[in-house]
Amino acid sequence: MLIVHCPVCGAEGDETDFHYGGEAHVARPATRDPADVSDAQQRDYLFMRHNPKGLHFERWRCDRGCGKWFHAARDTMTMEFKATYGIGELPPRELMKAATGEWAEFFKDKLAKGRKA
């Protein structure tokens with residue numbers, strides 16, 4: 001059983017009280033300039049996802065409390081939630097530094113510049 005904590009309303013419960021929403025920090029290409037979105041960009045947005053063994057960053061929805069989406073950092077090996085944070089926020093700095101593989105590459109610029117998600 002996974003224990004999840006909503007960072008928005010403070011609700012806490014098991015995974016049946018929440019809804020998994022896939023990978024976190026996926027930018028929709030059409031929100032910026034829909035006319036310039038290539039087929040490859042749209043394909044990557046729809047189908048290409050990280051699938052790491054270990055620390056992973058995900059979207060979850062609080063079904064028990066506020067109904068808001070939020071982000072979570074979870075270890076896919078232990079199933080432990082390392083942190084939850086707002087939908088427009090980045091994970092805690094120590095988790096961005098602990099990320100490996102494609103996630104490390106994703107957070108590299110954000111760690112250097114301190115940018116938002």
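**Figure 1. Asp17 in the loop between strands S2 and S3.** Asp17 lies in the loop that runs from strand S2 (12-14) to S3; strands (E, at least two residues) and helices (H or I, at least four) are DSSP runs, numbered from the N terminus. The model is predicted: local features need pLDDT of at least 70 and side-chain atom pairs count only at pLDDT 80 or more, while totals for chains, interfaces and linings use all residues. Residues are numbered from 1 along each chain as its sequence is written, and side-chain values use heavy atoms, with hydrogens and water left out. Asp17 has a relative accessible area of 17% and is therefore buried; buried means under 20%, exposed over 50% and partly exposed in between, with a 1.4 Å probe and protein chains only. Leaving aside residues up to four places away in sequence, Asp17 touches Arg61, Cys62, Asp63 and Arg64, where contact means heavy atoms within 4.5 Å.

**Figure 2. Glu23 in strand S3.** Strand S3 covers residues 18-23 and includes Glu23. Glu23 counts as buried because its relative accessibility is 10%. A polar atom of the Glu23 side chain lies 2.6 Å from the backbone nitrogen of His50. Beyond four places in sequence, Glu23 touches Arg49, His50, His56, Phe57, Glu58, Arg59 and Trp103. Trp60 is 37 residues from Glu23 along the chain, and the C-alpha atoms of the two are separated by 9.1 Å.

**Figure 3. Glu58 in strand S4.** Glu58 belongs to strand S4, residues 55-62. The relative accessibility of Glu58 is 0%, so Glu58 counts as buried. The side chains of Glu58 and Arg74 are joined by a polar contact of 2.6 Å. A polar contact is a pair of N or O atoms within 3.5 Å; within protein, one must be able to donate a hydrogen and the other to accept it, and residues adjacent in sequence count only if both atoms are side-chain atoms. Not counting residues up to four places away in sequence, Glu58 touches Tyr20, Gly22, Glu23, Ala24, Phe70, His71, Ala72 and Arg74.

Figure 4. His25 is not a glycine, yet has a positive phi of about 60°. Most residues other than glycine have a negative phi. His25 sits in the loop between S3 and helix H1 (39-47), and counts as buried because its relative accessible area is 14%. Met79, also not a glycine, has a positive phi of about 70°. Met79 is in the loop between strand S5 (69-75) and strand S6 (81-86). With 38% relative accessibility, Met79 counts as partly exposed.

**Figure 5. The whole chain, for orientation.** The chain has three helices and six strands, in the order β-β-β-α-β-β-β-α-α along the sequence. Its C-alpha atoms fill a box of roughly 40 × 30 × 25 Å along the principal axes. Of its 117 residues, 34% count as buried. Among contacts in the chain with a separation of 6 or more, 49% are between residues 24 or more positions apart. The chain exposes about 7300 Å², of which carbon and sulfur atoms supply 49%; accessible areas come from the Shrake-Rupley method with a 1.4 Å probe, and for residues only the protein chains shown count as cover.
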